[in-house]
Amino acid sequence: MESEMILKWMQERKSVRSFTEQEVDSKLISKIINHVRLAPSGFNAQPWRFVIVKDKNMIQKLYQYSGYQKQLNTASCVIVLYSDLMDVHRKVEEVLHPEMSPEKKRSDKEALLETLEMAPDVLQSQGYIALGYLLLALTAYGISSVPMLGFDLEKVMELLEIEGSILSVVAAGYGVKEGYAHHRLALEEIVRLY
Ligand SMILES: Cc1cc2nc3c(=O)[nH]c(=O)nc-3n(C[C@H](O)[C@H](O)[C@H](O)COP(=O)(O)O)c2cc1C
């Protein structure tokens, strides 16, 4: 059953930090991000933006900026996920659903502009919804990955001409071996029921 697949990928996904030499196809990554962009966000603001890095010299620089985290030594593809609220601001009209009434469009636009001004973190952090989608979609296509944030982020932003906030740098490839087994807090420690 299809609904069981997503549960399987959730179970299967683990951070993998060593990859084979087999290249990840750029077209496949674009196809995956085409699924990822279906993630939900407040006012449909879609704060997420992506940079796909396949260039080996650039990946070497990222390896350096990560303090030589080994996964970047073998990853054939790095996907940088960031939030760009300036671009969200520029696209405020574009994200309003065409089927909305003029009244609803007006109120949503006002509310989005107000959120951008008063509570930008609320929008920025929603980029992480796309990270969850991305990691699962990569798994679905048999691509292993590890999300990372241990970088000199200013240098990464400069290298990739990113304006906004980096949420994660995802090293991807075909895994050599599985990551650690899942190790998580118990359900009772993270869930309360009234
Ligand atoms: C935002 C974020 C940043 C992370 N940064 C790093 C990192 O810099 N280096 C690293 O090896 N793993 C990093 N990780 C991976 C976590 O260590 C890993 O997801 C966690 O230990 C759970 O293991 P699992 O992904 O195998 O389930 C990061 C994960 C997230 C979500």
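This is a predicted model: local features need pLDDT of at least 70, side-chain atom pairs count only at pLDDT 80 or more; totals for chains, interfaces and linings use all residues.
Reader: Where do I start? How many helices and strands does the protein chain have?

Author: Start with the secondary structure. The protein chain comes to 10 helices and 4 strands. Then read the order. From the N terminus on, the elements run α-α-β-α-α-β-α-α-α-α-β-α-β-α.

Reader: What box do the C-alpha atoms fill?

Author: Taken along the principal axes, the box is roughly 55 × 45 × 35 Å. Burial comes next. The protein chain has 194 residues, and 39% of them are buried.

Reader: What does UniProt place on this chain at residues 11–174?

Author: An unreviewed UniProt entry places the feature "domain: Nitroreductase" at residues 11–174. Over that span the chain is 46% helix and 16% strand. The end C-alpha atoms of the span are 18 Å apart.

Reader: Which UniProt annotation covers residues 128–151?

Author: The annotation is "transmembrane region", again from an unreviewed entry. Such annotations may be inferred rather than shown by experiment. In the model, residues 128–151 are 54% helix and 21% strand. The end C-alpha atoms of this span lie 17 Å apart.

Reader: Now the ligand. Which residues come nearest?

Author: The shell around the ligand holds 13 residues. R13, S15, R17, Q69 and R184 come nearest. By type, the shell divides into 4 nonpolar, 5 polar and 4 charged residues.

Reader: Which element gives the largest share of that shell?

Author: Strand β3, residues 144–148, does, with 3 residues.

Reader: How do I read the polar contacts? What lies 2.7 Å from a nitrogen atom of the ligand?

Author: Look for pairs of N or O atoms, with a cut-off of 3.5 Å. At 2.7 Å from a ligand nitrogen there is an N or O atom in the side chain of Q69. The backbone takes part too. P147 has a backbone N or O atom 2.9 Å from a nitrogen atom of the ligand. For L149, a polar backbone atom is 3.0 Å from a ligand nitrogen. Now consider cover. The ligand taken alone exposes 620 Å², and the protein buries 66% of that.

Reader: How many aromatic pairs are there?

Author: Check the distance between ring centres, then the angle between the planes. The count comes to 1 aromatic pair. Y63 and Y68 form this pair, with 5.1 Å from centre to centre and 90 degrees between the planes. The pair is edge-to-face, because planes over 60 degrees apart count that way.

Reader: Where does Y68 sit, and what is its phi?

Author: Y68 lies in the loop between α3 (56–65) and α4 (71–74). Its backbone deserves a look. Most residues other than glycine have a negative phi. Y68 is not a glycine, yet its phi is positive, about 60 degrees.

Reader: What about N44?

Author: N44 also has a positive phi, near 60 degrees, and is not a glycine. N44 is found in the loop between α2 (26–36) and β1 (48–53). At 33% relative accessible area, N44 is partly exposed.

Reader: Take a residue in a strand. Is S83 buried or exposed?

Author: S83 lies in strand β2, residues 77–83. S83 is buried, with a relative accessible area of 1%. Then look at what its side chain meets. A polar atom of the S83 side chain lies 2.8 Å from the backbone oxygen of Q124.

Reader: How do I compare distance along the chain with distance in space? How far apart are S30 and I52?

Author: Read the sequence gap, then the C-alpha distance. S30 and I52 are 22 residues apart in sequence, and 8.7 Å apart in space. S30 is found in helix α2. S30 counts as partly exposed, at 42% relative accessibility.

Reader: And what separates Q60 and S26?

Author: Q60 and S26 are 34 residues apart along the chain, with 18 Å between their C-alpha atoms. Q60 lies in helix α3. Q60 is partly exposed, at 39% relative accessibility.

How values were computed: Residues are numbered from 1 along each chain as its sequence is written. Side-chain values use heavy atoms; hydrogens and water are left out. Rings of Phe, Tyr and Trp (its six-membered ring) pair if their centres lie within 6.5 Å; planes under 30 degrees apart count as stacked, over 60 as edge-to-face and the rest as tilted. A residue is near a molecule or strand if one of its heavy atoms lies within 4 Å of it. A polar contact is a pair of N or O atoms within 3.5 Å; within protein, one must be able to donate a hydrogen and the other to accept it, and residues adjacent in sequence count only if both atoms are side-chain atoms. Accessible areas come from the Shrake-Rupley method with a 1.4 Å probe; for residues, only the protein chains shown count as cover. Helices (H or I, at least four residues) and strands (E, at least two) are DSSP runs, numbered from the N terminus. Ala, Val, Leu, Ile, Met, Phe, Trp, Tyr, Cys and Pro count as nonpolar, Asp, Glu, Lys and Arg as charged, and the others, Gly among them, as polar. Buried means under 20% relative accessible area, exposed over 50%, partly exposed in between (1.4 Å probe, protein chains only).
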